[in-house]
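I opened a new notebook page today. My topic is the ligand and what surrounds it.

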Amino acid sequence: MQFDVLVSGLNVVDLLVIVPNSVSKGRKHEIDNIIIQGGAPAGNGACGMSALGLKTSFLGFIGDNVQSAIARAEFSRFNVDTSLLIKDPKIVPATALVEVDSSSGERTVFYSTKGYRPLGPNDIKPEWLDRTKLLYVDGYDLEGNIELLRIAQQKGVPSILDVEAGDPSKLLKMIQLGNHVILPLEAAQTLTTRKNPIDCLKKLATETHAQLIITDGANGSWALAGDEIITQPCYEVAVVDTTGCGDAYHAAYAYALLKNYSLPKRMEFASAFAAIVATHFGGRSYFPNEEEVKIFIQNHQ
Ligand SMILES: Nc1ncnc2c1ncn2[C@@H]1O[C@H](COP(=O)(O)OP(=O)(O)OP(=O)(O)O)[C@@H](O)[C@H]1O
Ligand SMILES: [Mg+2]
């Protein structure tokens, strides 16, 4: 089977809770919103791209346990291909508890990777990369993803990276191998020891030829195009939950890249897509289609 995008990275099951304004420790609270869904940059990215109509396949391990059943059901819900997943009964997807602040929509994440097994270099079949137009990886399953990026580079398959946190030397290796690196400001600051996004971009550009983009939540996103800085403000919306905004941004950017949009249009599209996702509870509860994103952009000119 041929795919538009092969996705590799952390596979997580999220339990999301909108935490009420006032909480009494040690007491029970009945609340309106608790959901269980798949999550994480790669998982949400795969679902977002698939919802936009890209033929997407997820790489990694899947076990024989509750979390694996949920993760698989979640991929099926979005039509993400799971035929390349490697089965190992003992493997458990990572599990996360996401607390969403009811007034700001900001989220706090607690997660565990006990029982999780990342894709390693020896698990990878190079021919996978002959079957895709694009490779999409996160910065968590480092060794396997570095190998995938190496093979993609050899085969001339473009790649998109979502790099959030991890061993800086390995993340830099990934950034050197990738083609489109989109990272939150915090990660860029850690990698460069610079503070403002423009300085971070300029410093990172000394390490890689990749297209670099930095996102910073409600402050928007910035890219370096030669010597020029492109600034994409964030769209103002009635925010419910910012979980998965970064993942949504990456997914929409990937879609726009495969549609040959220019860099500013990719950023505009990604930013609008992410803003719409922020108006819903959960990182993959609602994904707009291309038409809806375009109308949203027109209405926000
Ligand atoms: N409150 C918000 N309102 C509208 N758009 C937002 C908001 N927060 C984030 N976005 C959009 O999503 C993009 C990515 O968000 P952010 O920088 O928070 O990613 P992240 O830290 O990787 O988050 P995630 O936890 O989802 O991975 C921003 O550049 C912006 O375009
Ligand atoms: Mg992110």
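My entries on the ligand site and the recorded domain follow.

**Ground rules.** I am working with a predicted model, where local features need pLDDT of at least 70, side-chain atom pairs count only at pLDDT 80 or more, and totals for chains, interfaces and linings use all residues. Residues are numbered from 1 along each chain as its sequence is written, chains are lettered from A and ligands numbered from 1 in the order written, and side-chain values use heavy atoms, without hydrogens and water.

**Entry 1: neighbours.** Which residues come nearest to ligand 1? I found R107, E164, T215, G217 and G246, out of 22 around it. "Near" means a heavy atom within 4 Å.

**Entry 2: polar contacts.** I looked for pairs of N or O atoms within 3.5 Å. A polar side-chain atom of R107 is 2.2 Å from an oxygen atom of ligand 1. For a polar side-chain atom of E164, I noted 2.8 Å to a ligand oxygen. G246 uses a backbone N or O atom, also 2.8 Å from an oxygen atom of ligand 1.

**Entry 3: the shell.** I sorted its residues into 10 nonpolar, 8 polar and 4 charged. Here Asp, Glu, Lys and Arg count as charged; Ala, Val, Leu, Ile, Met, Phe, Trp, Tyr, Cys and Pro as nonpolar; the others, Gly among them, as polar. Helix α7 gives the most to the shell, with 4 residues. Helices are DSSP runs (H or I, at least four residues), and strands are E runs of at least two.

**Entry 4: the record.** UniProt (unreviewed entry) places "domain: Carbohydrate kinase PfkB" at residues 36–285. Such annotations may be inferred rather than shown by experiment. I read 37% helix and 23% strand over residues 36–285.

Terms used
A polar contact is a pair of N or O atoms within 3.5 Å; within protein, one must be able to donate a hydrogen and the other to accept it, and residues adjacent in sequence count only if both atoms are side-chain atoms.
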